Amino acid sequence: MTIELNVYHTIAIAIVILIAGEAIRNRVMVLQKYCIPVPVVGGLLCTVIILIGHETGAFEIKFDMAFKDFFMLLFYSGIGFTASWKLLKKGGPQVIIFLIISSVVVVFQNLLGVGLSKLMGIDPLIGLATGSIPMTGGHGTSAAFAPVLEEAGLANANTISLAAATFGLVAGSLIGGPTGRFLIEHYHLKSSDAAAVSVKLDDKELGKASGGSSERALTVGAYQLLIAVSLGCLVSDLLAKTGLSFPASVGGMTAAAIIRNIADNTDRLKLRLPEISIISNISLLIFLALSMMTLKLWQLADLAVPMLLLLLAQTLLMFVCAVFITFKFMGKTYDAAMIAVGHCGFGLGAVPTAMANMQSVEAKYGQSPDAFFIVPLVGSLFINLVNTFVITGFVNFLK
């Protein structure tokens with residue numbers, strides 16, 4: 001039996017997945033501990049149901065994903081609005097150094113994935129699908145780049161990259177605390193009560209959503225985001241003329257970044273950053289739910305061992321980079337150790353994982369205001385842009 005759902009029913013199922021995912025996560029502590037996203041929790045439940053239907057031959061569900069790219073563009077254009085050069089400079093040299101370190105690690109992740117894939121005799125695009133796309137990028141980047149990888153020749157890219165991203169969330173949670181403990185105790189580091197960030201940024205500058213948005217502000221924010229999406233399509237058309245493959249998200253991010261930096265240097269254009277962030281975050285949830293609904297778990301059977309080896313190698317790489325690169329170049333201080341802990345989190349999973357890692361270490365060893373400023377600033381904002389362009393370069397090289 002084949003069940004065909006139109007676009008409206010498909011979106012409704014995505015909403016049910018989000019509601020169910022949140023209800024389940026609120027009741028299962030292990031899911032909260034490892035910061036597993038709500039769309040992943042609900043989405044996996046949906047994919048298990050689809051897997052049962054496939055394996056038994058009882059039913060097949062076909063979804064209409066016509067709006068999937070629209071929600072993806074809303075999310076990534078929202079990310080583009082956070083790319084403020086003025087904000088980066090205001091963060092100081094430590095922020096720029098950590099961004100450079102994080103960018104280098106992104107390149108290492110892809111080199112490792114592609115290199116090991118070639119050694120194992122499998123498609124190097126599988127290595128890319130288990131590299132910085134799911135590791136530093138997380139589920140959002142995985143879902144966004146899956147069509148690009150499939151176009152480049154990798155079948156089942158969506159399933160591979162999203163499965164890798166889920167593994168990364170758990171791995172990032174597991175190695176963060178032990179990494180911090182090793183560095184702090186091995187080097188006899190102490191938290192300084194006098195430690196304080198050199199600059200504080202408010203919610204508006206970071207583009208974070210805060211309560212109290214008026215209907216007018218939300219409306220203006222929606223207008224600005226939709227205009228960025230539209231301009232982003234024009235940017236994507238121009239990029240396509242280069243003959244290289246760029247995901248649609250690059251256009252939206254680029255257009256939004258241009259608008260943001262113009263606004264930073266003029267009083268005439270007032271951006272509604274908190275409201276843009278709200279819409280962008282809602283779009284991400286729906287986009288991820290739609291992406292999880294298309295997972296075909298049976299397609300991973302033949303790749304189980306190679307994928308596990310690739311993902312374990314990525315976990316080891318992140319530990320080595322955190323200890324020998326992040327910690328060293330951030331100054332070998334207590335704050336540097338805490339930043340390394342956070343890097344394990346978003347370098348393998350997501351910024352919430354990074355924050356949970358640092359909070360866990362902080363509870364035992366003491367505060368690090370600098371780390372709690374630097375890690376989310378780089379991990380939430382700037383590294384997403386760098387990662388997108390690095391991945392694009394690798395995809396075009398491997399085509």
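I looked up which residues join α8 to α9. On the α8 side I found Gly138, His139, Ser142, Ala143, Ala146, Leu149 and Glu150. They meet Ala157, Asn158, Ser161, Leu162, Ala165, Thr166 and Leu169 in α9. I sorted the residues of this contact by type: 7 are nonpolar, 6 polar and 1 charged. I note that the model is predicted.

Next I checked the geometry of the pair. Helix α8 covers residues 138–152, and helix α9 covers residues 157–186. Their axes come within 8 Å. The crossing angle is roughly 155°. Angles over 145 degrees count as roughly antiparallel, so α8 runs roughly antiparallel to α9. I also looked up the hand: α8 passes α9 in a right-handed crossing.

Then I turned to the cysteines. How many disulfides does the count give? I got 0. I wanted the reason for Cys321. Its closest cysteine sulfur is in Cys344, 9.5 Å away. A disulfide needs the two sulfur atoms within 2.5 Å, so the sulfur of Cys321 is too far from that of Cys344 for a bond. Cys344 is in no disulfide, and the nearest cysteine sulfur to Cys344 is that of Cys321.

Last, I asked about accessibility. Is Cys321 buried or exposed? Cys321 has 2% relative accessibility, so I logged Cys321 as buried. Cys344 has 0% relative accessibility, and I logged Cys344 as buried too. The cut-off I applied for buried is under 20%.

Methods:
Residues are numbered from 1 along each chain as its sequence is written. This is a predicted model: local features need pLDDT of at least 70, side-chain atom pairs count only at pLDDT 80 or more; totals for chains, interfaces and linings use all residues. Side-chain values use heavy atoms; hydrogens and water are left out. Axes are lines fitted to C-alpha atoms, for helices over the stretch in contact, and angles run from 0 to 180 degrees between N-to-C directions. Helices (H or I, at least four residues) and strands (E, at least two) are DSSP runs, numbered from the N terminus. Angles under 35 degrees count as roughly parallel, over 145 as roughly antiparallel, 65 to 115 as roughly perpendicular and the rest as oblique. A crossing is left-handed if the near helix is turned anticlockwise from the far one by less than a right angle, and right-handed if clockwise. Contact means heavy atoms within 4.5 Å. Ala, Val, Leu, Ile, Met, Phe, Trp, Tyr, Cys and Pro count as nonpolar, Asp, Glu, Lys and Arg as charged, and the others, Gly among them, as polar. Buried means under 20% relative accessible area, exposed over 50%, partly exposed in between (1.4 Å probe, protein chains only).
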